[in-house]
Amino acid sequence: MCDQYDVSLTIFGPTTSSPRFNLPNLLVIAAMPNSLSTQGIDALIGRDVLGHCLMHYNGTAGFFTLAY
């Protein structure tokens, strides 16, 4: 059993004229207390969100890009 919430996610571009990425209706669940924060993780982005984006992960260089 865990708590679940209806939330929205908006990612703003670097300027006010840049496009925004907006998902108005997301169902999210709360993790067990301290199960992620002890690893330095504040939140996880799931495939339901990533399915609307293009993600490139460069593990050897230690960075990622997320396009929408």
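Okay, let's start with Tyr-68: its relative accessibility is 42%, so Tyr-68 counts as partly exposed. On that scale, buried is under 20% relative accessible area, exposed is over 50%, and partly exposed is in between, with a 1.4 Å probe and protein chains only. Before I go on, this is a predicted model, so local features need pLDDT of at least 70 and side-chain atom pairs count only at pLDDT 80 or more, while totals for chains, interfaces and linings use all residues. Residues are numbered from 1 along each chain as its sequence is written, and side-chain values use heavy atoms, with hydrogens and water left out.

So, which residue forms an aromatic pair with Tyr-68? The structure holds 1 aromatic pair, and the partner is Phe-21, in a tilted arrangement at 5.4 Å centre to centre with 45° between the planes. Phe-21 sits in strand E2 (residues 21-29) and Tyr-68 in the segment after E4, so the pair ties together parts that are 47 residues apart in sequence. For the cut-offs: rings of Phe, Tyr and Trp (its six-membered ring) pair if their centres lie within 6.5 Å, and planes under 30 degrees apart are stacked, over 60 edge-to-face, the rest tilted. Strands, by the way, are DSSP runs of at least two residues, numbered from the N terminus.

Now the hairpin. Strand E3 (residues 54-58) pairs with strand E4 (residues 63-67) in the antiparallel sense, over 5 bridges; pairing takes at least two DSSP bridges between the strands. Leu-54 stands opposite Ala-67 in E4, and His-56 has Thr-65 as its bridge partner. There are 4 residues between the strands, and Gly-62 in this hairpin takes a positive phi near 80°.

Over to the start of the chain. Asp-3 lies in the segment before E1 and is partly exposed, because its relative accessibility is 48%. What does Asp-3 touch, leaving aside neighbours within four places in sequence? Val-28, Ile-29 and Ala-30, where contact means heavy atoms within 4.5 Å. Gly-40 is another story: 37 residues from Asp-3 in sequence and 21 Å away in space, C-alpha to C-alpha.

Last stop, Tyr-5 in strand E1 (residues 4-11). Tyr-5 is partly exposed, because its relative accessibility is 43%. Together with Val-7 and Val-28, Tyr-5 makes a nonpolar surface patch of about 220 Å². For such a patch, residues need over 30% relative accessible area and no salt bridge, and nonpolar side chains are joined within 5 Å; a salt bridge is a side-chain nitrogen of Lys or Arg within 4 Å of a carboxyl oxygen of Asp or Glu.

Terms used. Patches are made of residues with over 30% relative accessible area and no salt bridge: like charges are joined within 9 Å, nonpolar side chains (Val, Leu, Ile, Met, Phe, Trp, Tyr) within 5 Å. Accessible areas come from the Shrake-Rupley method with a 1.4 Å probe; for residues, only the protein chains shown count as cover.
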